[in-house]
Amino acid sequence: MKRTNTFNIRQVIEEIFREYKIERKLGETRLIKAWPEVLGPLAKTTEELYIKDGILFVRLASSVVRNELSMMRSTLIKALNKKAGEEVITDIVFR
């Protein structure tokens, strides 16, 4: 017997995420998980990291690192969104 309308598991899961409107949170989770990978050793100075309304808020222990990351803001936004697989954030606020 041949099935004509089969789906792979990825399609089914993506459809469930869309149905329950949780795909945005999944992207945010991927982005936060990618933070240490994108920053490397500088990520150790991160004290707090969260996303609200498309803005990534980062609290850092070092003002020197904060200034350095501020200069790299647009590069970080692109790299983090790429790791997340979609545009999750539009800006980063360093504190």
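Which residues does Phe94 touch, not counting residues up to four places away in sequence? Select Phe94 and look around: Trp35, Val58, Leu60, Arg66, Leu69, Ser70, Arg73 and Leu76 are in contact with Phe94 (contact means heavy atoms within 4.5 Å).

This is a predicted model, where local features need pLDDT of at least 70, side-chain atom pairs count only at pLDDT 80 or more, and totals for chains, interfaces and linings use all residues. Residues are numbered from 1 along each chain as its sequence is written, and side-chain values use heavy atoms, with hydrogens and water left out.

**Stop 1: strand β3.** Select residues 91-94. Helices (H or I, at least four residues) and strands (E, at least two) are DSSP runs, numbered from the N terminus. Ile92 and Phe94 form the covered face of β3. Asp91 and Val93 form the uncovered one.

**Stop 2: the core.** Now select Leu31, Trp35, Leu56, Leu69, Ile89, Ile92 and Phe94. Of the 18 residues in the largest nonpolar core, these touch the most other members. A nonpolar core is a set of buried Ala, Val, Leu, Ile, Met, Phe, Trp, Tyr and Cys residues joined through side-chain atoms within 4.5 Å. Buried means under 20% relative accessible area, exposed over 50%, partly exposed in between (1.4 Å probe, protein chains only). Two or more residues come from each of α2 (23-39), β2, α3 (63-71), α4 (73-84) and β3. The biggest giver is α4, with four residues.

**Stop 3: the strand pairs.** Show β2, residues 55-60. Two strands pair if DSSP finds at least two bridges between them. β2 and β3 run parallel, joined by four bridges. Pick Ile55: its bridge partner in β3 is Asp91. Thr46 has Leu60 as its bridge partner in β2. Two residues lie between the strands of this hairpin, and Asp53 takes a positive phi near 55°.

**Stop 4: the surface patch.** Select Phe7, Ile9, Val12, Ile13, Ile16, Tyr20 and Ile22. They make a nonpolar surface patch of about 720 Å² (Shrake-Rupley accessible area, 1.4 Å probe, only the protein chains shown counting as cover for residues). Patch residues have over 30% relative accessible area and no salt bridge; nonpolar side chains (Val, Leu, Ile, Met, Phe, Trp, Tyr) are joined within 5 Å, like charges within 9 Å. A salt bridge is a side-chain nitrogen of Lys or Arg within 4 Å of a carboxyl oxygen of Asp or Glu. Ile16 is in helix α1. Ile16 counts as partly exposed because its relative accessibility is 41%.

**Stop 5: Thr6.** Go to the segment before α1 (9-19), where Thr6 is placed. Thr6 counts as exposed because its relative accessibility is 52%. From Thr6 to Trp35 is 36 Å, C-alpha to C-alpha, across 29 residues in sequence.
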